[in-house]
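Hi there,

I am handing over the structure we talked about, and my notes on it follow below. Have a look at it first, then read on whenever you have a moment.

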Amino acid sequence: MSQAQQLRAESDFEQLPDDIPISANIADIEEKRGFTSHFVFVIEVKTKGGAKYLIYRRYRQFYALQTKLEERFGPENKNNPFTCSLPVLPAKVYVGVKQEIAEARIPALNAYMKNLLSLPVWVLMDEDLRIFFYQSPYDSEQIPQALRRLRPRTRKVKSVSPQGPSFDSLAAPRAEALFDFTGNSKLELSFKAGDVIFLLSRINKDWLEGTVRGTTGIFPLSFVKILKEFPEEDDSTNWLRCYYYEDTISTIKDIAVEEDLSSTPMFKDLLELMRKEFQREDIALNYRDSEGDLVRLLSDEDIRLMLKKAQGLPSQKRLFPWKLHITQKDNYKVYNTVP
C-alpha cells in the first residue's frame, strides 16, 4: 500500500469540517463572453455536511490548481514528506472548436475530480484545493441555464391544474422560482423568477414535477426554493449503497433510484447504471457473502441469489438491504480465490 493510501485509510474522515467537498460533477457547460468567448464548466459540488451548490470553472483554473498541487504534493517535491500520486488532468488542446473541446473534456474532468477528492485528508485540507471548490460570491450570483447533465430519463408527465374547491394552496407542496427556466422540450416546465410552482412529485434527487398557470412539467431543483416540502411518505426516492474499490481504498456512494425496495433489477440494467455512475466500462459487480468474502455477479440468477442472501438483514428506511461492491473487472486480488 502506498503512503498516500495508508494515510487515507487510517485517517479519521469524520474529523474533517462539514464544508469539505466530497464529490463534484459537471452539470453543463456555458458560454461566457468577454474580449473573446470562452466556455466554463458548471459543476455541482456536494460537501461532507450535505450542502450542494454550483460553481463555475474554466479549464485554465483546473490547470492552475493541478500545477500548485504538483508543486506541493508531487513526488518531485523532496522537501515535503507528504507526497502522493496525483490524478492526471486532461491535456491542453490548442486547435479545435471551443464548445466541442469543452464537451469532450467532461468525462475526463469528472474522473479527475472524483480521484482528486479521494486523496488523503491532508490534500483535501489544502487551501488552494478548498478555494477551487468553494462557492465564491461570483458563483452564487450566476444564473444557471440548462444543467442538462442533471436531467432525468425522459418520462411522460400528467396534466394537472391546482383548481377547484378541494385544493388547499396553503397545504400543497410548493416552491418559489429563483431564476427563469426555459424547458428544452414539452416535458419540461418553463417559468419566471418569482413564480410559485405547485409540486406534484419528486422525479429524483435533482428534478421535480410541478405545475404553474395550468402547465405541468419537470424542472431542476436547483432553480427553485422549496416553500413547503412533500410529506415524507410522498418521496419515492430510495437509495442503493455502493462500495467502489480502487487499489486498496474503498469509497461509499449512495445512488438514488426510483424502484421499490422489494424490486429485483436485471443484471444488464444494474451494470449499465453502475458504468454511468462511476464513468468506467471495465468494472465488475459483486456482493459480500455472510462470511465476508466478495462474490462476483455475472447473471440475473446471481442477482436473485444476492437478494435472497440479503433477506432478514437489518435495513434502514429508504435504503436497499443489499449492497453492491464495485471492483475493476481484471482485479482478482479482492477475492479469496481467483475465479
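**Helix 2 and what surrounds it**

Helix 2 (residues 59–73) is 15 residues long and reaches 21 Å from its first C-alpha to its last, close to the 21 Å expected at 1.5 Å a residue. Please keep in mind that this is a predicted model. The buried residues of helix 2 are Tyr59, Phe62, Leu65, Gln66, Leu69 and Phe73. Looking down the axis of helix 2, you will find these buried residues within an arc of 120°, so they line one face of the helix. Arg60 and Glu71, on the other side of helix 2, are exposed. And what covers the buried residues of helix 2? The cover includes strand 2 and strand 3, along with helix 3 (98–116), helix 4 (121–124) and helix 5 (127–133).

Strand 3 (residues 52–57) is mostly covered, with 5 of its 6 residues buried.

Thr47 belongs to strand 2 (residues 37–47). Is Thr47 buried or exposed? Its relative accessibility is 6%, and buried means under 20%, so Thr47 counts as buried. Leaving aside residues up to four places away in sequence, Thr47 touches Asp18, Asp19, Ile20, Pro21, Ile22 and Tyr53.

For strand 8, the pairing is with strand 4 (residues 174–177), in the antiparallel sense and over 4 bridges. Within that pairing, Glu176 stands opposite Lys225 of strand 8.

**Helix 7**

Helix 7 (residues 267–278) has 12 residues, and from its first C-alpha to its last it reaches 16 Å, close to the 16 Å expected at 1.5 Å a residue. Which residues of helix 7 are buried? They are Phe267, Leu270, Leu271, Leu273, Met274 and Phe278. Seen down the axis of helix 7, they fall within an arc of 160°, so they line one face of the helix. The face turned away from that buried side carries the exposed residues Lys268 and Lys276. Just after helix 7, Gln279 takes a positive phi of about 55°.

**The chain as a whole**

Finally, some overall figures. The chain contains 8 helices and 13 strands, and 43% of its 339 residues are buried. Of the contacts between residues at least 6 apart in sequence, 61% join residues at least 24 apart. The chain exposes about 19100 Å², and carbon and sulfur atoms supply 51% of that area.

Happy to go through any of this with you.

Best wishes

Terms used:
Residues are numbered from 1 along each chain as its sequence is written. This is a predicted model: local features need pLDDT of at least 70, side-chain atom pairs count only at pLDDT 80 or more; totals for chains, interfaces and linings use all residues. Side-chain values use heavy atoms; hydrogens and water are left out. Two strands pair if DSSP finds at least two bridges between them. Helices (H or I, at least four residues) and strands (E, at least two) are DSSP runs, numbered from the N terminus. Buried means under 20% relative accessible area, exposed over 50%, partly exposed in between (1.4 Å probe, protein chains only). Contact means heavy atoms within 4.5 Å. Accessible areas come from the Shrake-Rupley method with a 1.4 Å probe; for residues, only the protein chains shown count as cover. The expected span of a helix is 1.5 Å times one less than its number of residues. The arc is that of the directions from the helix axis to the C-beta atoms.
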